[in-house]
Amino acid sequence: MFVALTGTPGTGKTTVGDLLSDQGFRVIHLTDIETKCVVGEDKKRECLIYDIDLMNKYLPKDPLLIQSDVCIVEGHLSHLLSGATKIIILRCHPEELKKRLKKKGYPSLKIHENLEAEALDIILCDAACCHITGTIREIDTTHKDPVEVTRFIAVLLQDGFQGEIGRIDWSDWIEKNVG
Ligand SMILES: Nc1ncnc2c1ncn2[C@@H]1O[C@H](COP(=O)(O)OP(=O)(O)O)[C@@H](O)[C@H]1O
Ligand SMILES: [Mg+2]
């Protein structure tokens, strides 16, 4: 089972991925592969442009993915990879996400872009375009700590995965901040 652990930056993918790895899960950090798949730079938005086809080419060669029954691929593009059979999307209320991104040192323009993306369910929409809904699970991390989120995912992967989408609603933030 190839599990994509995705979410807007700051929702906790790397933190939770590391904790899952400590618990014995095989975890690939997509950033390790992304460096080989850069095809350009968006100077205005201060970010790199990646070729998803190249990622799809490199990832299946990763020994962790080949050898594991369950392999978690952590990264905000992981839900776009063709081999993913289960998608876990970490979510976070934009007000809380703002605090996390500030702590990570993000510049204010990037913070605002990511808060909008989170509020508008961009990753969920992208995931729903390429995977059937029963394979997608959203998890609200807002008032939880990383250990609790990790425990929840471990149970989900060990005791039978159940999809669940559409319960998370950040429209209160959109009403106050967008438009
Ligand atoms: N419930 C939670 N789950 C994951 N991370 C959390 C949670 N609550 C607070 N955090 C904090 O949010 C930050 C998330 O950063 P990081 O793991 O780098 O996110 P990402 O990899 O998604 O960009 C960390 O500082 C982490 O300690
Ligand atoms: Mg990360």
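Student: How do α1 and α8 pack in this predicted model?

Tutor: In this predicted model, α1 and α8 pack at an angle of about 60 degrees, and their axes are 9 Å apart.

Student: Why are α1 and α8 called oblique to each other?

Tutor: Angles under 35 degrees count as roughly parallel, over 145 as roughly antiparallel, and 65 to 115 as roughly perpendicular. The angle between α1 and α8 is about 60 degrees. The rest count as oblique, and α1 and α8 are therefore oblique to each other.

Student: What is the handedness of the crossing of α1 and α8?

Tutor: The crossing is right-handed.

Student: Which residues of α1 and α8 meet?

Tutor: From α1 come Thr-15, Val-16, Leu-19 and Leu-20, and from α8 come Pro-146, Val-147, Val-149, Thr-150, Ile-153 and Ala-154. What makes them count as in contact is that their C-beta atoms, placed from the backbone, lie within 7 Å. The residues of this contact divide into eight nonpolar, two polar and no charged.

Student: What makes β2 and β7 edge strands?

Tutor: Five strands form an open sheet in the order β2-β5-β1-β6-β7, with parallel pairing. β2 (26-29) and β7 (136-140) each pair on one side only, so they are the edge strands. From one strand to the next, the twist averages 25 degrees.

Student: How do you know that β6 and β7 pair?

Tutor: Two strands pair if there are at least two bridges between them. Strand β6 (residues 86-91) and β7 have five bridges, in the parallel sense. Ile-88 stands opposite Arg-137 in β7.

Student: What about β3 and β4: in which sense do they pair, parallel or antiparallel?

Tutor: Strand β3 (residues 38-42) and strand β4 (residues 47-50) pair in the antiparallel sense over four bridges. For Gly-40, the bridge partner in β4 is Ile-49. β3 and β4 form a hairpin with four residues between them, and Glu-46 in the turn has a positive phi of about 50 degrees.

Student: Which residues come nearest to ligand 1?

Tutor: Of the 16 residues around ligand 1, they are Gly-12, Lys-13, Thr-14, Thr-15 and Thr-141. The shell around ligand 1 divides into four nonpolar, seven polar and five charged residues.

Student: Which helix gives the most to that shell?

Tutor: α1 does, with four residues. At least two residues of the shell come from each of α1 (13-22), α5 (94-103) and α8 (146-158).

Definitions and conventions
Residues numbered from 1 in each chain as written. Chains lettered and ligands numbered in written order. Predicted model: local features only at pLDDT ≥ 70, side-chain atom pairs only at ≥ 80, totals over all residues. Near = placed C-beta within 6 Å. Nonpolar A, V, L, I, M, F, W, Y, C, P; charged D, E, K, R; others polar. Axes fitted to C-alpha atoms, helices over the stretch in contact; angles between N-to-C directions. Left-handed = near helix turned anticlockwise from the far one by under 90°. Contact = placed C-beta atoms within 7 Å.
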